Amino acid sequence: MEKEMNFLDRNEFNFEPSEKVVEAIRNFDPKTLCFYTRIYDQGKKSVVSVKLSEIYGVPEEQVLLAYGGEDILKNAIHYYLMKGDNKKILIPEYSWWYYNKVASECYGTFEMYPLHEQEDTFAYDVDEVIEYTNRIHPRMLLLASPNNPTGNCLTPEEIGRIMENIPSDTMVLIDEAYASFITSDTDYIAPLVNKYRNLIISRTLSKFYGLPGLRCGFGFIGAGHDHFVSYINKYLGYNRFSEAVALAALDSDEHYRQVADDMEWGRQLYKKALGDKPGFKVYKSVANFILIKYPVEIKEALQKALADQNYKIKFMSDKGLEQCVRITLGRKEQTQVVVDTILKVLGDKC
């Protein structure tokens with residue numbers, strides 16, 4: 001029987017869902033799908049937006065729901081770049097290719113601001129981001145925290161400093177899809193959203209909660225954007241099966257925090273096993289993946305060795321990152337196989 005492929009290349013979830021999620025799926029009554037939600041009678045979007053309002057302390061009317069975090073990004077970029085004459089968006093260097101693709105879909109233009117390599121990490125230069133934004137004056141500024149594929153993030157203080165020093169008519173979209181793997185702190189979100197009306201913070205159940213196949217994203221927006229909230233909203237409600245599973249996931253933080261601890265074990269193993277090897281650099285990461293610089297002369301041998309064991313990691317082709325691999329932080333045994341395979345290939349090459 002053919003061995004199952006171990007996908008460690010797209011930041012998917014290689015662990016088990018929580019027991020509450022499994023029970024929600026097992027106990028879901030299919031007849032529920034025969035009826036639209038009635039929560040609209042209360043003036044609410046969804047039982048999920050109500051739950052998120054309670055968790056994050058943001059008014060329900062400022063909670064966004066969508067078909068994955070991708071859908072929030074697409075809706076926001078399309079909406080704000082298609083209104084008016086300013087169709088420019090600023091995006092980070094070394095970031096997800098999807099950002100500029102979405103801008104091009106609505107005939108927008110993008111410019112990149114730098115991310116800087118600093119020893120074993122990448123970092124935003126906050127003053128530089130502020131300078132770029134004021135000079136270019138884009139309709140939108142996109143910040144990814146943590147950033148994919150570099151794994152670095154912004155602190156709440158840095159976000160506040162950026163918001164305080166850029167034009168108020170520039171919409172700021174912070175992609176926090178990979179947040180929560182290192183810290184459970186979300187107390188900064190409500191104060192930022194309450195203070196800055198030109199701010200959108202986008203999150204998802206795909207990463208920390210390990211449900212990419214559910215396609216359930218959420219976010220928060222500053223006050224005064226009723227038209228956009230109406231634009232992104234689903235008039236007849238949301239997928240009621242997804243709602244049931246989402247509520248169970250949001251009530252399972254203890255389970256997913258244990259998963260995050262296993263990922264931290266993986267980060268430390270990569271650092272310990274490869275950090276001092278010639279040609280390697282293991283970058284710090286606060287996401288569910290890790291970026292590693294490696295000697296490219298082992299690329300073909302490493303690809304073959306991993307394929308022989310039904311393992312797939314991402315060999316980067318982005319400009320400036322061609323000497324890097326990005327590896328999803330999977331289960332402990334998966335991480336051990338990847339580390340052992342790299343070490344074996346290195347040994348064979350010596």
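Does Thr-133 count as buried or exposed, and at what relative accessibility?

Analyst: Thr-133 counts as buried, because its relative accessibility is 0%. Buried means under 20% relative accessible area, exposed means over 50%, and partly exposed lies in between (1.4 Å probe, protein chains only).

A word on the basis. This is a predicted model, in which local features need pLDDT of at least 70 and side-chain atom pairs count only at pLDDT 80 or more, while totals for chains, interfaces and linings use all residues. Residues are numbered from 1 along each chain as its sequence is written, and side-chain values use heavy atoms, with hydrogens and water left out.

Thr-133 sits in helix H5, residues 126–136. Helices (H or I, at least four residues) and strands (E, at least two) are DSSP runs, numbered from the N terminus. Set aside neighbours within four places in sequence. Thr-133 then contacts Leu-90, Pro-138, Leu-141, Ile-166, Pro-167 and Thr-170. Contact means heavy atoms within 4.5 Å.

Leu-90 has Leu-141 as its bridge partner in S7. Strands S3 (residues 88–92) and S7 (residues 140–144) run parallel, joined by two bridges. Two strands pair if DSSP finds at least two bridges between them.

Now the sheet. Seven strands make up an open, mixed sheet, in the order S2-S10-S9-S8-S7-S3-S4. The edges are S2 (63–66) and S4 (109–113); each has a single partner strand, so one side of each lacks a neighbour in the sheet. On average, neighbouring strands here are turned by 20° against each other, direction ignored. Axes are lines fitted to C-alpha atoms, for helices over the stretch in contact, and angles run from 0 to 180 degrees between N-to-C directions. Helix H4 (residues 98–105) lies across S3, S4, S7 and strand S8 (171–175). H4 runs at about 170° to S3.

Next, S9. Strands S8 and S9 pair in the parallel sense over four bridges. Leu-173 has Ile-200 as its bridge partner in S9. From S8 the chain crosses through helix H7 (residues 189–195) to S9, in a right-handed β-α-β crossover. Right-handed means that, with the strands pointing away from the viewer, the path from the first strand over the helix to the second runs clockwise. S9 also runs antiparallel to S10 (residues 217–221), with five bridges between them. There, Ile-200 has Ile-221 as its bridge partner.

S9 is largely enclosed by the rest of the structure, because six of its six residues are buried. Both of its faces are covered. Leu-199, Ile-201 and Arg-203 are buried on one side, and Ile-200, Ser-202 and Thr-204 on the other.

Ile-201 belongs to S9, residues 199–204. Ile-201 is buried, with a relative accessible area of 0%. Beyond four places in sequence, Ile-201 is in contact with Ile-174, Glu-176, Ile-189, Val-193, Phe-218, Gly-219 and Phe-220.

One last item concerns Arg-135. Arg-135 lies over the face of Tyr-132, 4.7 Å from the ring centre. A charge sits over a ring if NZ of Lys or CZ of Arg is within 6 Å of the ring centre and within 35 degrees of the ring normal. The charged end of Arg-326 likewise sits over the ring of Phe-289, at 5.8 Å from its centre.
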